[in-house]
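Open the model in your viewer and keep the sequence panel beside it. We will go stop by stop, selecting as we go.

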Amino acid sequence: MSSEKVRALRDSLVGIQEYWESFEHDYKPLVAIRYERIIAKSGRVRRLLSEPGSNSSNSTIVGARFHDNGKSRQHVITHCISERSLKAAIEDLSGLASCIDALGEGEITSDRLKWINERKVSFEHLPLSRSAFSRLVVDVCHVERFELNVPEESIEETSMVTLYKGTGIDNTEFLRELGVAELNLRTYDESTYLLTPNQYRLLYNAAPQLIAMAIKDINEIPRDEILGDECGCGPIPSPGSEPWVGVFDTPFDDRVYFSDWVKATVEVDPDLIAPGDYSHGTGVSSIIVDGPSLNPGIDDGCGRFRVRHVGIAAGGKFSSFTIVREIEKAVIRFPEVKVWNLSLGSFLECPENFVSAEASALDRIQVEYDVVFVVAGTNDGDYSGEKRIGPPADSVNSLVVNAVRMDGFPCSYSRKGPVLSFFGKPDVCYYGGDRDQPMYACQEPGRVAMVLGTSYAAPWIARKMAYLIHIVGFSREIAKALIIDSAGGWRQSNNPRHLGYGVVPKRIEDILSTSDDEIKFVLDGTSELFDTYTHNIPVPVAHDKHPYYAKATLCYFPHCERSQGVDYTSTEISMTFGRLKGEKILPIDNNTQDFEGSFTYEEEARQFFRKWDNVKRIAEKNNPRGRGKDSYENGLWGISLKTKERLDESFGTGMRFGLIVTLHAIDGVNRIDDFVQRCSFRAWIVNRINVETQVDIFNAADQEIEFE
C-alpha cells in the first residue's frame, strides 16, 4: 500500500466533508466505503469512522450493498458518523501517509509492517503511535475509495421509501418541513414512509443522500392461468380436532363443499372485492384442506387440516404497506396457527441490494412470534426462465417453494433465485402443475378447476410442515430442516436457482423414515454461548473403521436488519461436524474457516460454506470403493456450532436451532440398535420417533373429557 493511495483516500473524504458542510440541514454525515472485494467483518475498518470512546466503527454501519465492477463484486458499506469523527478520519489518513513516507519510503507491505513492529522502530517524531499506525494500515489496505451513495433519481409509482437511520434528526419532521403534509404522511416504521412520486421528488431534490432504498408499494398479483374445469367435488366429513393452518390470500368463498373446515375473515374493503377475486384464495385453501382427494396422484398421507383464512388482497393488487400490518395482526389474533401459507406474489422482481418490505416483515414476525411462513416462489407469466423471484419470496426465514413438473424439472413459469445475490431462494420445490399436467383445486362451488402455479405448490409444503409440528411434535426449526434435508437427498441440486435444495418427497413417511442401512437423529437446542458443541456422539465402529458417509442440515431463524442491505442476517451459526481426533473435529465438508491459523476469503466462505445463511447443508460424497474412515477417540464424533454476531448487539443469544444428521452405512449393515445403546451408555437421552404412536397421542390429546 502506498502513501499516494492513502492521500487519495484522504482527498475523497475531504470532498465528502465539504458536501456535508454545505448541506442545509443538521444531519450527521453519511460516508460509503467501497472495498476491493466482499469483505469479512474482521477485515473492515475499525479505527477509521469510529465514534469517540469506541474501538470499532461497526456500530456506525447503517447500510450495505454489492457493486459489480465488471470483474467481481465489491462490498459498499455505509456509515453514519459525527462531524468530529469525519474530521478525525481525515487527520488519521494524513498522519498515515506521512508515516508511510517516513518508515517505508512511500510504500508499506505486510513484511515491512511486521519488521516495524518486531524491531520496535521509533515513532517519537511521527504523527501516529505504533498501534494507531498498524491499525490504520489494516483498516485501509482493502479500501478502494470513499464515496457518497447515489439513489434512484425518480420513481413512477407510490413507493415505500426508507431513509437512513441514526442521522440525528426526526425523519418525519424533516419530511413535513419539505412540504409533505402531515395528513398525507403514512409511516411503516421510524424510517420507512409511503411516498407518492411528487413527495419523493421533494425529498430527492432536498436531500438525495438520505435515501437508503425505495420499492414500489402497489403490487399486481399475477392472475391464475385456468386450464379448464370439471364438475363435482366432495363430499367431505365434518372437521374434528385436526390442526390449523393459516392462509393469507384473496377472500374465501364460503359456498364451497369444504367450507366447514375453513374459518375465514376479510381484511380488505368489501367494495373492492369483485366476483373473480375469491377463486385464488379458495383454491389454495382447498389444497390444504382436501388436496389428496382432489389430486390422488400426489396424496401425501397427511390427512386433512382446518384453515384460518385471512383475506388481505383483492382487485388483482395488494399494498405492501397494508399487507404487513394485517399479517402481524392475524398472527397475534390466532396463536393456535404455527404454519401460515402465503401464495400471493408480485410481478416485480426482488430488489438486488435489499429485501422487500413484505419479506422483512415476515422475517421479523417469525422471530418474534415463533411461527413459520411457507411462501410461493411467484410465477413468470412470460415463461422466460430468467426472471428473479418476486416479493415476498425474498423472505430469508420463510420456507420458499418453487414448482416442478412430475418429472422433477422446473415448471415453465418458474422464476429463479438467489436473493441479495447470495441467499438460496427458493428453498425447495414441489409439484405445482403445468400446462400439460395441471393441478386440481376447488375455486368455486360445485366445480374443480385445472390450475398451475407456485401458489398451488406451496400449500402442499405447508401441509407437511403442519404435520411435522402439530402431529409429530417437532419444533419449527427441526420441521424446516427435515423438509430441506429430505429434498436434498445425498446430492447437490443440479439447478439450485430454480429448484433450491430439490424436490420434497410426496409421502410424509418418506420425510420421517430412513432405510435400514441409515441412522438419522435430530438435535434441537439453543445457542447460548459462542460455541455450542458436543464431542460425545458414539458412531458405531466396524474393524476399527467408521463404515459410514454422513450429511447434516442446520436451520435457524435469525434476527434480520433490512437497513443493513446485503448484510441482512444479524447472526451466523457456523457448523463443524465430523470425527473427533483429540480435541479437533475433522469436518466432513473440509470447512476449516473456524480453525486457528486458517484463512478463508469472505466470498469463498459464503459461496462454499454458506456463511451468514440461515440454512446449512453439508454432505459427504459416497466412497465408491466402500472403504470406511479411520476411527479415533473410541469412535466418537463431534458437532460444533459457533455463534457470531454481525453487529454489536447479541441477537443470537437463546436463538433456537434444528439439526438433522444422517449416517449411511457403506456396507449396508443396520446398526441402529448399537448406536442407541452406545448413546445411552454416554448419558444421552434417546427418544425414538414412531409416527403411528405420535398420531395416536395427538388424537388422544384432543379428545374432550367430561368430568362427572
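**Before you start.** This is a predicted model, so local features need pLDDT of at least 70 and side-chain atom pairs count only at pLDDT 80 or more, while totals for chains, interfaces and linings use all residues. Residues are numbered from 1 along each chain as its sequence is written, and side-chain values use heavy atoms, with hydrogens and water left out.

**Stop 1: a sheet.** Helices (H or I, at least four residues) and strands (E, at least two) are DSSP runs, numbered from the N terminus. Select E2, E3, E1 and E4. In that order they form an open antiparallel sheet of four strands. Strand E2 (61-68) and strand E4 (143-147) are the edges, each with a single partner strand, so one side of each has no neighbour in the sheet. On average, neighbouring strands here are turned by 20° against each other, direction ignored. Two strands pair if DSSP finds at least two bridges between them. Now pick E1 (residues 30-35) and E3 (residues 73-80): five bridges join them, antiparallel. Show Arg-34; its bridge partner in E3 is Val-76.

**Stop 2: a helix pair.** Select H2 (residues 83-104) and H4 (residues 130-140). They pack at about 105°, with axes 10 Å apart. Axes are lines fitted to C-alpha atoms, for helices over the stretch in contact, and angles run from 0 to 180 degrees between N-to-C directions. H2 is therefore roughly perpendicular to H4 (65 to 115 degrees). Which residues of H2 and H4 meet? Show Asp-92, Leu-93, Leu-96, Cys-99, Ile-100 and Leu-103 in H2, then Phe-133, Leu-136, Val-137 and Val-140 in H4. Contact means heavy atoms within 4.5 Å. The residues of this contact comprise nine nonpolar, no polar and one charged. Nonpolar covers Ala, Val, Leu, Ile, Met, Phe, Trp, Tyr, Cys and Pro; charged covers Asp, Glu, Lys and Arg; the others, Gly among them, are polar.

**Stop 3: cysteines.** Cys-560 is buried at 14% relative accessibility, whereas Cys-141 is partly exposed at 29%. Buried means under 20% relative accessible area, exposed over 50%, partly exposed in between (1.4 Å probe, protein chains only).

**Stop 4: another sheet.** Select E22, E29, E25 and E26, an open antiparallel sheet in that order. The twist averages 35° from one strand to the next. In E26, Leu-586 stands opposite Arg-579.

Notes: Parallel < 35°, antiparallel > 145°, perpendicular 65-115°, else oblique.
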